[in-house]
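Here is a short report on how the parts of this assembly sit against one another. Have the model open while you read.

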Amino acid sequence: MDRRIVESRITLPGKLLGKARRVSLSDVVVALAVMVMLYGIVRVGRGTAVSFAPETNRSIDTAVRNLPYYAARSLLRMFIALAASLVFSFVYAYAAARSRRAGKVLIPALDILQSVPILGFLSITVTGFIALFPGSLLGLEMASIFAIFTSQAWNMTFSFYHSLVTVPAELDELSKMLRLTRWQRFWRIDVPNGAIGLIWNGMMSMGGGWFFLVASEAITVSNKQYSLPGIGSFAGAAIADGDLVKVGWAILAMVVLVVGVNVLFWRPLVAWSELFRNEQSESASVTRSFVLDLLRRSHWPRALAALRCRMAVPLDAAMGRVFGTDDVVLETDEADRRLGDVVFWFVIGGLTAYGTWKLYSFVAHDEGPAVFWRPFWLGAVTFVRVIVLIVFATLIWVPIGAKIGLNPKAARIAQPLVQVLASFPANFLFPFATFIFIRTGLSLDIGGIVLMSLGAQWYILFNAIAGAMEIPSDLREAMEDLDVRGWQLWRRLIIPGVFPSYVTGGITASGGAWNASIVAETVTYGGVTLTATGLGAYIAAASETGDMRHVLAGVVVMSFYVVSINRFIWQPLFKVAQERYSL
Amino acid sequence: MATPVQGRTGEVFVVRTQNEPQDSAPLIRTVALRKTFDLPGGEKVVLDGIDLEVHEGEVLALLGKSGSGKSTLLRCIAGLLAPTTGHVEYRGERLTEANPGTSMVFQTFALLPWETVQQNVEIGLEARGITGAEASQRALRVIDMIGLDGFETAYPKELSGGMRQRVGFARALVTDPEVLLMDEPFSALDVLTAENLRGELLEIWSRDDIPIKSIVIVTHNIEEAVLLADRVIVLGSNPGRIREEIRINLDRPRDRRSRQFEFLVEGLYRTMTGRVSVDGETQEDLVPDETQQRTPGSHPLPVATVDGLSGLAEILERFAPCTLSDVADELGLQVGDFLPSAEALEMLGFATVDRGNISLTDSGRMFAGADIQMSKEIFAEEARQRAPLVGVIVNALQSTGKGSLPSGFFRDILRRSFGEADTEMQLDTAINWGRYGELFEFDASQENLRLESLA
């Protein structure tokens, strides 16, 4: 759902998005299978819910001096989630790319997974994880990390899968000719080849992850409040107290975290990843990082390289034996293969059918299919909010972004700034907005749009800037030479030039807005709760009371909306962008 | 079966060697090899009935136009692609995985951009479990031999094209293969660099401290084949079959300007373009049967742009009838570089090629000399009549009421005879020709072709 895809050239799995695939039977099967998985987690959680104890729920001390410690705890969570996402993308993407059968299931599944609203899912996973680790904070900790993980993993996996299936043919042949072991190939060809995309997506995903960190550290499930020591729960406590000064401190700490991680971690990585650019000549503009320069000047890299070499040889040999050689199979048995296919699809189909039936009977219970009507109509209301948001954000930010992007100097300053803005968890700003809503008496039905846009709009701005930067300067000079200016210039050059990049931003923004609706359609500040009519509020209310049946119904419907919008609005636009307007 | 052929200067230098018994056991043998690809429009036969042997001590060139399946054949020999039927043997053993006795040099170098020259060379050794000091010693020896000294720690992107291909050579040589496979190794390089590297390849080949017993080189460049090879196998297109096998007994170094050299090049040109075999015999399956219809599949458009072919026509107009090699010399190019344009001129009836002499016809002279509107009209008329695909498109468009058809319609027709890439190339060429002749127009937004008069 939450696609933090910004640099279209690198990160967008064009092949996957670009092909407006017809909704095939396998898509439906997979979608159902994913829902079945969710249902499984709920069942695990529900079955053990009895043993729930309200223990371990330490309260958050909102003294400002505790903030650095809380921030560190939050940061740790973020990095654990990032590492988990990385490992997940390695395994999942590799399986999808290398196994013909697995790929047919895993890739559509990923498409659905990234459309599932993570926040709606949160109460379900919290219940599940607490049940897994009774009597300790570990369950909550895991649930929080899992929430962040789900906001990052799908994107990174898509990116890595895309780079795996687009490994240049000659490198693939090279590997087979040299008889590299699969292990060697993975680390010397596959991972370096996907490194730039992974790092970019990791950076963008982590930016998005802060939002889920904040949302998942303090949460109410089944009328019980849980909180983990962290910056999000600190802010949550401050909000509950109605203490805007402390919220301000939390925001400051958050800014330090976001900027710090960017400067100390991501920029050096991005600059370093230039090494992996599969271009046969040096590119003109190279990302620079003073941290990386500093590191390069030190002796650490050489020492580490020596250590790596010493470890790599035995590890290579051992893993080479485990995973085997990247060989070519010159003779295959057609009959065996077909039989395998039949068995595989039979098992998958059977499990999915059974699970779907169980899921349906759980959700429908005694209500029948009517259980989906209410979320469906509420979803339409939220959909209107998303549309209004996208239209306004487009009208405001595309012209501004394009103007910035056309001016290289402004773009250099603005781009990292907007990136930080996009990373900054918008839910931190909710109390201020809520405060204003309460004062002015503005209904959350309207105000909710503003809250949702606090996070989502930046993707449109960021991508408008990136798109305008990609317009070749000779085209602009030609237009100037022909005296094309004003509206005509926008119509003929700038809007078509920005369009492909804009679509990428639009997909991200719309997915983000749906997710945000779950926290934006119900807000509390200092004891006052505002609620809007919408699917987000429906899911939030159901999870607060522990009504898993309706949470699941809401999540299913919201996933349906997101998938349909992507399929029927964004993918066709993306196709047009790729075919007509790619520069 | 051997047919000695007398050159104009008297000596015997061309021998057809199909089925000629060889004294030593072959290193590599392909047996009734057939390769097909499944395409949306059905099955496409890329190679059919390929029986060839690679012997110790020879440089074998696989020569063919694009689409003749020569690179596919090389990959089958390397064990990177499975033949659909038939098989490949290495030293009498049937291949079940990548060929253990070969190493390949790639057209696009296939260097890992994230590794240094030395790491790129060592990777093949590491795959064989040779690491550490031994690996670097062996790598450095080859790096030194190939003239890459001092570049060990450079990254590929810091090197020129020629230096990159040297790294490709070094990587292929370091594992001591018996047979060196080369897939158009010089075609991504500029003319001078390519010539230089060809010389170095021959130098390496003549060394006796290298265990390479044979080289198989794939090329579309006739001169390159004659310059390097002891034996040339010409592959025809659609499906790729062995058309001709020619032994080249010229002494090395070979002189491009010698009579024999030119005679061979021109003979091979005729074979490649499908008229006569080198020994002057007309080959039945190669000469189009005029009673049969010329179809887009049987007579593919040469992939030449209108700019290219009219440029060549203008050059030919200035020169009297001359040989293709003369034109090549004049332009500082190689025959292969403008072969498609020459073929296009021939297809359109603007030029004739006879025994390697190319000259403009009357209509060709009119085409070259006319002003732009006039030459467009001449071009349009000839393209409709003589270029099957262009004719088919015009007729199809005229037969529809609204004079337009989706390009997918023609794509589907082409897919029956061509692969995906060739289909696109055929269609692009036809569109390029049709647009120039103002016969039809291509609307990219609608993916439609429509008659020009209605556009």
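In chain A, the C-alpha centres of domain 1 and domain 2 lie 22 Å apart. Domain 1 of chain A covers 67-277 + 287-327, and domain 2 of chain A covers 340-583. Domain bounds come from an automatic or database domain assignment. The model is predicted: local features need pLDDT of at least 70, side-chain atom pairs count only at pLDDT 80 or more, and totals for chains, interfaces and linings use all residues. Residues are numbered from 1 along each chain as its sequence is written, while chains are lettered from A and ligands numbered from 1 in the order in which they are written.

**Domains of chain A**

In chain A, 33 residues of domain 1 are in contact with 34 residues of domain 2. Contact here means that the C-beta atoms of two residues, placed from the backbone, lie within 7 Å. On the domain 1 side of chain A, the elements giving two or more residues are α5 (100-113), α6 (118-132), α9 (182-217), β1 (218-221), α10 (231-241) and α11 (244-272). Helices (H or I, at least four residues) and strands (E, at least two) are DSSP runs, numbered from the N terminus. α11(A) gives the most to this side, with 9 residues. By class, the domain 1 side of chain A that touches domain 2 has 23 nonpolar, 9 polar and 1 charged residues. Nonpolar means Ala, Val, Leu, Ile, Met, Phe, Trp, Tyr, Cys and Pro; charged means Asp, Glu, Lys and Arg; the others, Gly among them, count as polar.

**Helix pairs in chain A**

Two packed helices are described by the angle between their axes and the distance between the axes. Axes are lines fitted to C-alpha atoms, for helices over the stretch in contact, and angles run from 0 to 180 degrees between N-to-C directions.

| Helix pair | Angle | Axis distance |
|---|---|---|
| α16 (408-423) and α18 (444-469) of chain A | about 155° | 9 Å |
| α5 and α7 (138-165) of chain A | roughly 145° | within 10 Å |

α16(A) and α18(A) are therefore roughly antiparallel to each other. Angles under 35 degrees count as roughly parallel, over 145 as roughly antiparallel, 65 to 115 as roughly perpendicular and the rest as oblique.

The crossing of α16(A) and α18(A) is left-handed. That term applies if the near helix is turned anticlockwise from the far one by less than a right angle; clockwise is right-handed. From α16(A), the contact residues include A:Ala411, A:Ala414 and A:Val418. From α18(A), they include A:Trp458, A:Phe462 and A:Met469. The contact of α16(A) with α18(A) has 11 nonpolar, 2 polar and no charged residues.

α5(A) also passes α7(A) in a left-handed crossing. Here A:Ile107, A:Leu110 and A:Leu113 of α5(A) meet A:Trp154, A:Thr157, A:Phe158 and A:Tyr161 of α7(A). This contact of α5(A) with α7(A) divides into 6 nonpolar, 1 polar and no charged residues.

**Chain B against chain A**

Across the chains, 25 residues of chain B are in contact with 29 residues of chain A. On the chain B side, β8 (102-105) and α2 (117-127) each supply at least two residues. α2(B) has the largest share, 4 residues. The side of chain B that touches chain A has 13 nonpolar, 9 polar and 3 charged residues.

**Domains of chain B**

Chain B is divided into domain 1 (4-272) and domain 2 (387-454). Their C-alpha centres lie 37 Å apart. In chain B, 8 residues of domain 1 are in contact with 7 residues of domain 2. β3 (28-39) and β4 (42-54) of chain B are the elements that give two or more residues to the domain 1 side. That side has 3 nonpolar, 4 polar and 1 charged residues.

**Sheets of chain B**

One open sheet of 3 strands runs in the order β16-β18-β17 (chain B), with antiparallel pairing. Strands pair if DSSP finds at least two bridges between them. The edge strands are β16 (404-406) and β17 (440-443) of chain B. The twist averages 20° from one strand to the next. β17(B) and β18 (448-451) of chain B pair over 4 bridges. B:Glu441 has B:Arg450 of β18(B) as its bridge partner. Helix α13 (388-399) of chain B packs on this sheet, touching β16, β17 and β18 of chain B.

Another open sheet of 3 strands has the order β13-β15-β14 (chain B), again antiparallel. β13 (322-323) and β14 (351-354) of chain B each have a single partner strand, so one side of each is left without a neighbour in the sheet. β13(B) is joined to β15 (357-360) of chain B by 2 bridges. In β15(B), B:Asn357 is the bridge partner of B:Thr323.
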